[in-house]
Amino acid sequence: MSPPHEERGDFEKALVNYVRFLEKNPQVPLATEVRFRQAETLLQFGYAAEKSGDKVTARTRYDQADALYAQVATAKNFEGAPQATYQRAVVLARSEKFAE
């Protein structure tokens, strides 16, 4: 799928690959894991944008990651649900959405 793109910091290509996979395979058992990886990539993208001073892009990516983490955190039988819940807290803190 996209881990090589992620490892090279090519978040755009990784996201494109995840979106394509999910468009073609929305209901396969692996889809929840792919959504989790997509959220992880969005989080990294947000970090990179924040580091470069692009707060608008960072906030957008954090919001997108939050939506995916929320979805996978409640997915039935997903082993990564606790990690998704934790990552959601990280995203909300980075976005300064402490009340959520």
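**Close-up views of a predicted model**

**View 1. The largest pocket and its lining.** H4 gives the most to the lining of the largest pocket, with four residues. Helices are DSSP runs (H or I, at least four residues), numbered from the N terminus. This is a predicted model, where local features need pLDDT of at least 70, side-chain atom pairs count only at pLDDT 80 or more, and totals for chains, interfaces and linings use all residues. Residues are numbered from 1 along each chain as its sequence is written, and side-chain values use heavy atoms, without hydrogens and water. The pocket holds about 150 Å³ of space. Glu50, Lys55, Ala58, Arg59, Tyr62, Arg94, Ser95 and Glu96 line the largest pocket. By class, two are nonpolar, one is polar and five are charged. (A pocket is an open set of points on a 1 Å grid where a 1.4 Å probe fits, with protein on both sides within 12 Å along at least five of seven lines; lining residues have an atom within 4 Å of a point.)

**View 2. Helix H4 against helix H5.** H4 (residues 55–73) and H5 (residues 81–94) pack at about 155°. Their axes lie 8 Å apart. The two are therefore roughly antiparallel (angles over 145 degrees) to each other.

**View 3. Helix H3 against helix H4.** H3 (residues 31–51) and H4 pack at about 160°, with axes 8 Å apart. That makes H3 roughly antiparallel to H4. Their contact has 13 nonpolar, six polar and four charged residues.

Definitions and conventions:
Axes fitted to C-alpha atoms, helices over the stretch in contact; angles between N-to-C directions. Helix = DSSP H or I, 4+ residues; strand = E, 2+ residues; numbered from the N terminus. Parallel < 35°, antiparallel > 145°, perpendicular 65-115°, else oblique. Points joined across faces, edges and corners; volume = space filled by probe spheres on them. Nonpolar A, V, L, I, M, F, W, Y, C, P; charged D, E, K, R; others polar.
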